[in-house]
Amino acid sequence: MSYSLMSWGANSHGQLGQGIESEECVLPCEVDLSKCSLEPKKIKKIVGGAGHTLILDDSGRVYSCGWNNKGQVGFPTKDSILSFRELNEKLKNKVIVDIACGWDCSAALTIEGTLLLWGSNRFGQLGKHPNSLQWTHEPFEVVTGRKIKGISMGLRHTVLLTEDCKILVAGTGSKGQLGLSFSNSKGSLNAAYSFTEVLTLSDIESVSCGQYHTIAVAKDGNIYAFGDNKYGQLGLNTDACPKTFIPIKLSDVQFKLPINMYSGWSHVIVLNDNNIFGWGRNTYGQLGIIKLEKPSIWKATRIENLPKVHRVSAGSEHNVALTENGEILCWGWNEHGNCGNGHTKDVKFPEQLVLPYNYTGILIGSGAAHSFALKVSKGQVDR
C-alpha cells in the first residue's frame with residue numbers, strides 16, 4: 001500500500017507544505033515529504049491556523065510549515081516555511097500526544113501532561129501579559145500546577161482541559177468567550193493574562209473554541225456554551241441571547257455519548273453516532289443544509305443523506321469529513337479552493353473529494369482556509 005499526504009486550499013504562506021507559495025490550490029496535490037523525516041503512514045493528527053500547519057506523528061514528534069511572522073511555526077525566522085520541518089529545540093526530548101493551532105499561535109501537549117506554547121501573545125492567549133511577551137518562536141512550558149489533558153485555541157483565546165476535568169482560560173474575553181465573571185477573573189472581564197479557572201464548570205470531557213465562542217462538553221453529555229452568539233453558534237436563540245459571559249447549558253440539545261464537537265469561526269459541527277449535526281452561521285453553506293435559507297440557525301440540525309461519518313475537521317468556515325468507507329467529503333466556504341473540487345464556488349452540501357485514482361482516506365485535517373488528507377491508493381485507474 002502507498003500512503004501519501006494530500007493538501008489543498010489557501011497557500012499564500014506555504015501552509016500546504018508543497019514547497020511554494022500560491023494564492024490557492026483548488027485541487028488536492030501530494031505533499032513531498034522526502035526532505036524531512038516524517039513518514040506519511042505515521043501521521044497521527046493535522047491541525048492548522050490562519051496560515052500555518054502542525055503535524056503530529058505516532059512517535060510524538062511535531063512538524064510544521066507556513067506563516068511564521070509571529071513565530072507560530074516555531075523557527076527563528078519571520079520568513080514563511082514552505083515545506084514541513086521537524087520542530088526540535090524545546091520539543092526534541094518531549095513525547096507529544098496532542099497539538100493545536102490558534103490564528104497565529106501553536107500548542108503541544110506532552111505525555112506527562114505539560115503544555116508548551118509559542119507564537120503570538122498579543123492578546124494574552126499564551127497565558128502571559130502582552131507587555132512582557134508579544135510573541136515567541138521558542139515553545140515554553142505553561143505552569144498551572146495541574147496536569148493538562150486537552151487544549152483548544154480560538155482567534156484570540158485559549159482553553160485548557162485539566163486532568164481533574166476543569167477548564168482554564170486565557171486571552172481576550174471581550175465577547176464572553178472566556179466564560180469569566182468579575183468575581184472569578186484575575187484581571188478585567190475583557191481579558192485574562194494568566195490561565196484562570198472557570199469556576200462554574202466541572203466534570204468537563206472536551207472543549208472546542210471558535211472565533212469568539214467556546215463550547216464545553218461534560219461527562220454526563222450536557223453541553224455548555226459561552227461567548228458570541230451573533231449567528232447562533234452557541235446553540236442558543238440569537239434574539240434572547242446575542243452573547244453571554246457566563247456558561248449556559250443547552251437544555252434543548254441531547255446527544256448520545258460520546259459527543260465529538262468541532263468549532264469553526266462561527267459555526268459548530270457535532271459528530272454523533274456517525275451522523276453530523278450543526279448550528280450557527282450558514283452563509284457559505286458550512287452547515288451543509290441546502291434548504292436553510294437564513295444565514296444562520298441556532299437549533300441543532302442533522303445533515304441528511306450522508307454515509308456514516310468517522311471523523312470531522314472544521315476550518316474557519318468550511319469542513320472536511322471522513323466516512324467509514326474512507327471517502328473524503330468537503331463543504332462550506334471555498335474561496336481559496338478549500339473544498340478541493342477544482343473551483344472556488346462555495347459548496348452548500350458535502351461533496352466527495354475526487355482524485356484521478358481510487359483511494360481510501362485514513363485521516364483528515366484543516367486550517368482556516370486549507371485542508372489535508374492522508375490516504376492510501378488502491379491503484380491507478382484509467383483517466
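## A hairpin in the sheet

In the hairpin of strands E16 and E17, where 4 residues lie between the strands, Gly-221 takes a positive phi near 95 degrees; strands here (E, at least two residues) are DSSP runs, numbered from the N terminus. This is a predicted model, in which local features need pLDDT of at least 70 and side-chain atom pairs count only at pLDDT 80 or more, while totals for chains, interfaces and linings use all residues. Residues are numbered from 1 along each chain as its sequence is written, and side-chain values use heavy atoms, with hydrogens and water left out.

Strand E16 (residues 213-218) is joined to E17 by 5 bridges, and one of the pairs places Thr-214 with Phe-226 in E17. Strand E17 (residues 223-228) also pairs with E18 in the antiparallel sense, over 4 bridges; there Tyr-224 stands opposite Lys-249, and Gly-227 has Thr-244 as its bridge partner. E17 is mostly covered, since 6 of its 6 residues are buried, a word that means under 20% relative accessible area, whereas exposed means over 50% and partly exposed lies in between (1.4 Å probe, protein chains only).

Side chains of opposite charge can pair when their charged atoms come close. The structure holds 9 salt bridges, each being a side-chain nitrogen of Lys or Arg within 4 Å of a carboxyl oxygen of Asp or Glu. In one of them, Glu-197 meets Lys-166, with the closest N and O atoms 3.5 Å apart. Glu-197 lies in strand E14 (residues 191-197) and Lys-166 in the loop between strand E12 (157-162) and strand E13 (167-172), so the pair ties together parts that are 31 residues apart in sequence. Glu-197 counts as buried because its relative accessibility is 16%, while Lys-166, at 23%, counts as partly exposed. Both residues also belong to a network of salt bridges that links Arg-146, Asp-164, Lys-166 and Glu-197.

Another salt bridge joins Arg-281 and Glu-317 at 3.7 Å, N to O. This pair links distant parts of the chain, with Arg-281 in strand E21 and Glu-317 in the loop between strand E23 (309-314) and strand E24 (318-323), 36 residues apart. Arg-281 is buried, with a relative accessible area of 16%, and Glu-317 is buried as well, at 5%.

Conventions
Two strands pair if DSSP finds at least two bridges between them.
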